[in-house]
Amino acid sequence: MTEPTPRRERSPGMKLLFVGLVSLVLIAPLMLVYALVYDRQEQSATAQAAINAGWGGPQVISGPVLVVPFRTTQTQNETVDGKQVSRVVEVEKNLYISPVSNRATTRIDPQERRKSIYRSVLFVAQTKGKARFALPGDLARFGVTRERLLWDRAELRMGASDARGLTTGGRLLANGRPLEVQPGKGPASSGGQGFFAFLAWDGLGALDVDYGFELRGSRTISLVPRGGSTEWDVRSAWPSPSFDGSFLPEKPQVSDKGFTAHYEVDKLALGQPPVATQDFGLPQPPGNSYGMAEAIAPSAVDIAAGGANEVVGGPSHSLNISLIEPVNLYSKVDRSVKYGFLFIGFTFLAFFLFDVVGGARVAAVEYLLTGAGLVLFFVLLLAFAEVIGFTPAYVVAGGAMIGLLTCYSAAVLRTWKRARFIGALLVGLYALLFVLLNLEAWSLMIGALLLFVALAGVMYATRGVDWGTVGKQVAPQSD
C-alpha cells in the first residue's frame, strides 16, 4: 500500500500572516459589538427621557428681576406716496432692573427612578434667597427718566426653565409683604418660564425681596447670576457632582456623603449694566454638560421675546451643577470594547509562540473560535452590566470566558500546562483592563509599557526562529 506523501508545514512567516488575517476578520464582530453598545446607550437615553417627561428636565434658575414699563419716543421711517417720511411716535418698552445683591441657598435632594432596567437621576431642589433692588442714582444716563416709568405695572419675575417642576408653587415677599404670584413671564435667561407678581413700589429707597420655591428636575441645575453681586450656596447628598459653566465654586467639598459648594460672582465679572432696556438671553451651553440652551424648548424663547416690548439681548452666564452617575456603565463598556483588539492580539500571540516555538500546531479555525470567545466577553459584559452593575458583570463575564478558553486551550495546545498559562494570561489581561478603565489618566502610560514588555518578550522568544525557511515535513504517524 502506498504511503501518503507527508505534509509540509508552513513557514513561521506564513503562520504569522494567517494569524494576522484571522485577527483582521475579527474586527467586524468587534465593530458590531461597538454598535450594540451605542444602540443600548440610545435606548437608555430614550428611557431616561420618558422618566423625566413627567418630572422635569434640566433646570435653570434665574432672577429675581424687576421689570418696569416706561414710555419713550422714537423715530419711525415710512414710505408715503413713494417718499420717505420720518415721524416721532411714543412707544412703550420695558426697563429690566437687576438686583444690587442676591444671595440664594439651594438644597438638592437626589432621587433615582427606574423604567425596566434603565434608571435616571432626578432631584427636588428647595431654593430660598434674599435680593435687594435700588435704582441707580444716575438713571437718566441709561436713557430713562423716573417720571416716564409706569410703576403701577411693575413686575417682579422669577425664572425656572421647566415650569413643570414648580409643583408646590412659589412665594415672593417685597419689604416683608407677601405678593400674589402668577404663572409665566419668567426672565429670558430661563426661557420665559417661571412665575411673577405685580409689585407696588415707587422706586424710592431700597426694595428687599425674599423668595422661595421647590423645583423638580433631572440631571442638572443652574443659576443665572446678574446684578451687583451674587452668592449661591448649594448642598446635596449626591456623591458625584460635576461643576461647570461660566464660573466654578470656591473650594467645593465632595465626599461619599454628598457635597457642598459656594459661589461668589461680582458685577464686574458679569459685564452687565444694572439696568437695561433688553433682557439677557439663554445661557450658552457649556462644553462638557448637558447644555442648558438645548434643554429649553424654542417656544419658550419665543415667549420671552414675543411681545413688542420684550427684547432679548446677548446670552447670560450660568453656574451649573450636574448630578452624574458614579459609574456610567455604557461609557466603561464602550472603552473596554476599544481594548478588544489588545485582548485578541495578546492571546493569539501566546498561541502563535506555542505553535512556532513549542510545536503545538494551532489551526486557523482554532484561532478564529478563540477570537470569537474573546469578542463574546464584551457582549456578556454589556448584558449583565445593565442588570447587576458593571463590576459584578465584569467578574461574571471575565470568569466565564477565562474558564471556557482555558479548557479549550488544553485541547488546542495538547497539554494542561500550556492551558494554565493561557488562563493566567487572560486573568492578567482582564485584571489589567479593569485597572485601565478605573485609572483613566494613567491608561495610556500603562498600555504603552505593556506593549513594550510584550514586544520585548516576543523578540526574546523568537530570537532563534528562521521566519523565511519552510519547516520540516510532517512524517505520517504509524499505526
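Guide: A pocket is an open set of points on a 1 Å grid over the protein atoms alone, where a 1.4 Å probe fits, with protein on both sides within 12 Å along at least five of seven lines; lining residues have an atom within 4 Å of a point. The model here is predicted: local features need pLDDT of at least 70, side-chain atom pairs count only at pLDDT 80 or more, and totals for chains, interfaces and linings use all residues. Residues are numbered from 1 along each chain as its sequence is written, and side-chain values use heavy atoms, without hydrogens and water.

Visitor: How much space lies in the second largest pocket?

Guide: About 420 Å³. That volume is the space filled by probe spheres set on grid points, joined across faces, edges and corners.

Visitor: Which residues are closest to the centre of the second largest pocket?

Guide: They are F346, L349, L353, F421 and L425, out of 18 lining residues. α7 (340-356), α10 (416-438) and α11 (443-461) each give two or more residues to this lining. α11 gives the most, with six.

Visitor: How many helices and strands does the protein have?

Guide: It has 11 helices and 21 strands. Both are DSSP runs numbered from the N terminus: helices are H or I with at least four residues, strands E with at least two.

Visitor: Why is M31 called exposed?

Guide: M31 sits in helix α2. Its relative accessible area is 51%. Exposed means over 50%, buried under 20%, and partly exposed in between (1.4 Å probe, protein chains only). At 51%, M31 is therefore exposed.

Visitor: What makes S120 buried?

Guide: S120 belongs to strand β5 (residues 118-133). Its relative accessible area is 1%, so S120 falls under the 20% limit and is buried. Leaving aside neighbours within four places in sequence, S120 is in contact (heavy atoms within 4.5 Å) with Q48, I51, N52, Q111, E112 and R113. Across the protein, buried residues make up 45% of the 479 residues.

Visitor: Which residues form the nonpolar patch on the surface?

Guide: M14, L17, F18, L21, L24, I27, M31, Y34 and F341 form it, with about 800 Å² of accessible area together.

Visitor: What makes this a patch?

Guide: Patch residues have over 30% relative accessible area and no salt bridge; nonpolar side chains (Val, Leu, Ile, Met, Phe, Trp, Tyr) are joined within 5 Å, like charges within 9 Å. A salt bridge is a Lys or Arg side-chain nitrogen within 4 Å of an Asp or Glu carboxyl oxygen. M31, at 51%, is over the 30% limit.

Visitor: Which helix gives the most to the nonpolar patch?

Guide: α1, with five residues. α1 (12-25) and α2 (27-53) each supply at least two.

Terms used. Areas by Shrake-Rupley, 256 points an atom, 1.4 Å probe, with all protein chains shown as cover.
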